[in-house]
Structures are given as C-alpha cells and as structure tokens.
Amino acid sequence: MATGRTHRPATRSRGIPEATVARLPLYLRALTALSERSVPTVSSEELAAAAGVNSAKLRKDFSYLGSYGTRGVGYDVEYLVYQISRELGLTQDWPVVIVGIGNLGAALANYGGFASRGFRVAALIDADPAMAGKPVAGIPVQHTDDLEKIIKDNGVSIGVIATPAGAAQQVCDRLVAAGVTSILNFAPTVLSVPDGVDVRKVDLSIELQILAFHEQRKAGEETTVGERALAAATPREERVARDESADQGPDGDVPAVMPA
C-alpha cells in the first residue's frame, strides 16, 4: 500500500546528510566549469563562491567524502569531479524514461545536459495515439500501453513524469509496479509512493510564487525607505504645522481632552 513516505538513499546509511547530498550537484557543476577551463586546483573559498554556499559548509560537506584538500594549494579539480560523480552514481549509464510528451516533456527530451551527466533518455512515452511513432529529439514516441514492456526491456529505474496533474498518480503507480524506484515529478500534484521509492518534485509555479513573495516584500521595503527619506527631507516647520493640523477638529478647533 502506498504510504507517501520515501526511501532514504544509500548515502544516508553511509553518514552523508541529505542536505550535503543536495549540494553535491552544485559543487559538481562549478567544478565541471573549472575543469573545462583547465583550472587544476581551487580553494574552498573560490569553489564555495562559485557554488553559492559558504566555505565552512563546503569544507564540512567534503569531509563526509573524505576529501580535505591541501593547505595552501586547495582541492584538485579533476579528482573532485571524479569523486563527486562517483558519489552521485554518475560514473555509470542511467536509462531514463519521460512520460508525457507535451511542451514540457518535449523540452526535457531535447535537453542536452542529460547525456553529459550520466543519463540516457531511453524512451519517450505518451497516451496520445497520434503521437506514437513521431520522433522527438530523434527518439520515436511510444504509447503508454507499452510502458511496462519499455521499462523492462531498457532496465529503467528512473522515470520522469511530465503529464497533466490528473494523470500523474496513475502513471506513477504503473512506473513503480514496473520496477521504477526513482521518479522526477514535474506534474503539479503530490504523488503517493510506497517505501523504497524516491520522488523529487519540480513545481515551477511554486518557485514563481516564492519569487513573487520576495518581490512584494522588496517593494514594501522600498516604499518604507522612501517614506522615511521624504520625512527626513521635509522642513521641521512644515512637519510641526502638519502635526498640529492633524490634532485639530473638523472646524480647526483643538478637540476636547477626555478626563482620565
């Protein structure tokens, strides 16, 4: 029975915290950029800045990997690329299926970053019979009727769901029943999965709403700062006259003071 709980990755049992695992791809991206520029070594401060974290947190994260760098020299870029790639399981080929080949699914299929990071799009699957056989990113789309066979034939353990929300849970159930144990969910809904299955959710609308919240706060802060600046720039005599006017009644009389 589905419980909604997710299995903890193997790295958990080896003492690597979830938060550290979540930052490893950030370090790998920064290190890969350095490697492409033939940079041999990097300090913790430089790498932390490139990854968007503080250097103390980076050094702590790397200590879980058994990598401490060399004082005065820093970290060996190529070795760290290999070490983190191995830790993330990227030194092997991971076949992936994408279910739901609408605009988003097609965009994911055309994303060139999968192959360079150890992921191979093994199949594209859609429920629309009219899509069957049509090539997307050079891969012919297959119908959902063949989902279980596709998973088995390609040895797929990672599935990407890019369907409408209403179809996502059913697709998820079929993927899990077919042997998929990791799911990347782009559908705007929460999936329920059994123990032993990991789900990562990507919701663009939620991220935009969070950004809107911060924009609103910034706008409010700017308004407050502007009001303070205007008050400071107003001559004292004008502020006193304005305050005295606010204390007067509708006919310009000072209102009676109620006894205590």
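Close-up 1. In β7, Ile 158 is the bridge partner of Val 96. This is a predicted model, in which local features need pLDDT of at least 70 and side-chain atom pairs count only at pLDDT 80 or more, while totals for chains, interfaces and linings use all residues. Residues are numbered from 1 along each chain as its sequence is written, and side-chain values use heavy atoms, leaving out hydrogens and water. Strand β3 (residues 94-99) and β7 run parallel and are joined by 4 bridges. Strands (E, at least two residues) and helices (H or I, at least four) are DSSP runs, numbered from the N terminus. Two strands pair if DSSP finds at least two bridges between them. The open sheet has 7 strands, ordered β5-β6-β4-β3-β7-β8-β9, with mixed pairing. β5 (135-136) and β9 (198-201) stand at the edges; each has a single partner strand, so one side of each lacks a neighbour in the sheet.

**Close-up 2. Thr 163 in the loop between β7 and α9.** Thr 163 sits in the loop that runs between β7 (158-161) and α9 (165-177). Thr 163 is buried, at a relative accessible area of 10%. Buried means under 20% relative accessible area, exposed over 50%, and partly exposed in between (1.4 Å probe, protein chains only). Leaving aside neighbours within four places in sequence, Thr 163 is in contact with Val 99, Gly 100, Ala 168, Val 171 and Ala 187. Contact means heavy atoms within 4.5 Å.

**Close-up 3. Aromatic pairs.** The whole structure holds 3 aromatic pairs. Tyr 27 and Phe 62 have ring centres 5.1 Å apart and planes at 75°, so this pair is edge-to-face. Tyr 27 lies in helix α2 (residues 18-36) and Phe 62 in helix α4 (residues 55-64), 35 residues apart. Both Tyr 27 and Phe 62 are buried. Tyr 111 and Phe 114 also form an edge-to-face pair, 5.1 Å centre to centre with 90° between the planes. Rings of Phe, Tyr and Trp (its six-membered ring) pair if their centres lie within 6.5 Å; planes under 30 degrees apart count as stacked, over 60 as edge-to-face and the rest as tilted. Tyr 111 is partly exposed, with a relative accessible area of 44%. Ring pairs link Tyr 27, Phe 62 and Tyr 75 into a cluster.

**Close-up 4. The two ends of helix α5.** Helix α5 covers residues 77-88. At its start, a side-chain oxygen of Asp 76 comes to within 3.2 Å of the backbone nitrogen of Glu 78. Among the buried residues of α5 are Val 77, Leu 80 and Ile 84. Just after α5, Gly 89 takes a positive phi of about 80°.

Note on methods
The expected span of a helix is 1.5 Å times one less than its number of residues. A polar contact is a pair of N or O atoms within 3.5 Å; within protein, one must be able to donate a hydrogen and the other to accept it, and residues adjacent in sequence count only if both atoms are side-chain atoms.
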